[in-house]
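Take a walk through this fold with the model open beside you.

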Amino acid sequence: MMNTGLPLGQAASRRSTERCSVIPTDDPCVHAASLRDWMQDYLQLSAGRFLGEIIETTIGPIQIFRETIWQCVDEKANPRRNSYTVGVPVYMEEGGYWQGYRVARDSLMMLRPNEELHFRTPKKSTILVVVIDSGVFDAFSRDTTGRDTPLPIAGSHTRELPEAMIRPLRMSLKEVLSSAVSTPEVLEHENSMKAMVETILGAALHAVLARSAESEVARSSHFVQRAIVERARQYVLANRQSPPTVTELSAWLKMSRRGLHHAFMNVLGINVVTFLRYVRLHGARKDLLMAGPEGSVNRIACKWGFWHMGMFSAYYKALFGELPSATLRKTSCISITPGH
């Protein structure tokens, strides 16, 4: 049976050290804030209880993590500065898009240094990712290949490779991360850390070079539609005190309602009306998590443009699996800041 990552209802207990963390989550806002050195914003797109887990370690110039998400989520994220990001799925249902390109089981996912990530996850996914200091990775590439040329991370940011080409990276990331969690003392010895870093650098470079040898495919219209969705999202968030209607959003984007509808359906799998509601529901959820037990559900709902409290509660529970009053009573172990 394929390992889908996190068994429902059997999340590991939260563990954290200076270099290694195991963090189970049941909230998209908390999950987005749980990955060290990343700035992230998650928008849950499918209804129901969110469940996730992040296992992360930092070893010298590299960060490795395994992320499991059991809901469809639209992610916008900024990784560590001045670093390459290279990832591979462990399990990936249909419907995943990385930078506007479809993600398959044996896809290699990449980001250039300081590039913003846009990742639309399917309903269930587990990915392994390594973030590598750009100076270290560039130097390793030069020493390995003997060529003083930039790493071939450009154009398409995800490419499906033959399983034999992707396997070394997947196995190396899995084994190093597993060792860091099960035997944390390996992170206290310089020689073992150097060997782990060398293993990951070699596997990542092998995968990147294998990907560059494959022929480029034409850029899909999905990328253009992703850009439309992102512009719409930025406009909605910038005007959240007076949420725009679909007509106003279409006029601002200078496109038809039909074209806007198709862009949202193709990129996120939901229509524009639902998207606008979800953005406001997530904004309300963040405020509820930050407000504490003395906060007011009605006041927060009104702030985000909901005027019918019964419908607000119904929409909220349908998306997040709990009433807004239950969220208000939560005491999160992670600080949620407005920047996430």
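Cys20 counts as buried because its relative accessibility is 8%, under the 20% cut-off. Cys72 is buried too, with a relative accessible area of 7%. This is a predicted model, and its count of disulfides is zero. For a disulfide, the sulfur atoms of two cysteines would have to lie within 2.5 Å.

Charged pairs come next. The count of salt bridges is 15. One of them joins the side chains of Asp27 and Arg285, at 2.4 Å from N to O. Asp27 sits in the loop between strand 2 (20-25) and helix 1, while Arg285 belongs to helix 8, so this pair ties together parts that are 258 residues apart in sequence. Asp27 and Arg285 are both buried.

Helix 8 also supplies a partner to a strand. The side chains of Asp41 and Lys286 form a salt bridge, with 2.9 Å from N to O. Asp41 lies in strand 3 and Lys286 in helix 8, so the parts tied together here are 245 residues apart in sequence. Asp41 is buried, and Lys286 is buried as well.

Now move to helix 5. Glu230 and Arg226 meet there through their side chains in a salt bridge of 3.7 Å, N to O. How far apart are Glu230 and Arg226 along helix 5? They are separated by about one helical turn, because they are four residues apart in this helix, which covers residues 221-238. An α-helix has 3.6 residues a turn, so residues three or four places apart point the same way. Glu230 counts as buried because its relative accessibility is 8%. Arg226 counts as buried because its value is 6%. Shared partners link salt bridges into one network of Asp41, Asp74, Lys76, Arg226, Glu230, Arg233 and Lys286. The strand 3 to helix 8 pair, Asp41 and Lys286, is therefore part of the network that holds Glu230 and Arg226.

Helix 10 is worth a check of its geometry. What span should its 12 residues have? At 1.5 Å a residue, residues 309-320 should span 16 Å, and the end C-alpha atoms are 16 Å apart, which agrees. Phe312, Tyr316, Leu319 and Phe320 are buried in helix 10. These residues lie on the same side of the helix, because they cover an arc of only 75° around its axis.

What do the buried residues of helix 10 pack against? Their partners are helix 1 (28-32), strand 3 (39-44), helix 8 (272-291), helix 9 (297-303) and helix 11 (324-328). Just after helix 10 comes Gly321, with a positive phi of about 80°.

Finally, step back to the whole chain. The protein chain has 11 helices and 13 strands. Of its 340 residues, 53% are buried. Take the contacts between residues at least 6 apart in sequence: 74% of them join residues at least 24 apart. The chain exposes about 15200 Å², and carbon and sulfur atoms supply 53% of that area.

Key. Residues numbered from 1 in each chain as written. Predicted model: local features only at pLDDT ≥ 70, side-chain atom pairs only at ≥ 80, totals over all residues. Heavy atoms only, no water. Helix = DSSP H or I, 4+ residues; strand = E, 2+ residues; numbered from the N terminus. Expected span 1.5 Å × (residues − 1). Buried < 20%, exposed > 50% of the residue type's maximum accessible area, 1.4 Å probe, protein only. Arc of directions from axis to C-beta. Contact = heavy atoms within 4.5 Å. Salt bridge = Lys/Arg side-chain N within 4 Å of Asp/Glu carboxyl O. Areas by Shrake-Rupley, 256 points an atom, 1.4 Å probe, with all protein chains shown as cover.
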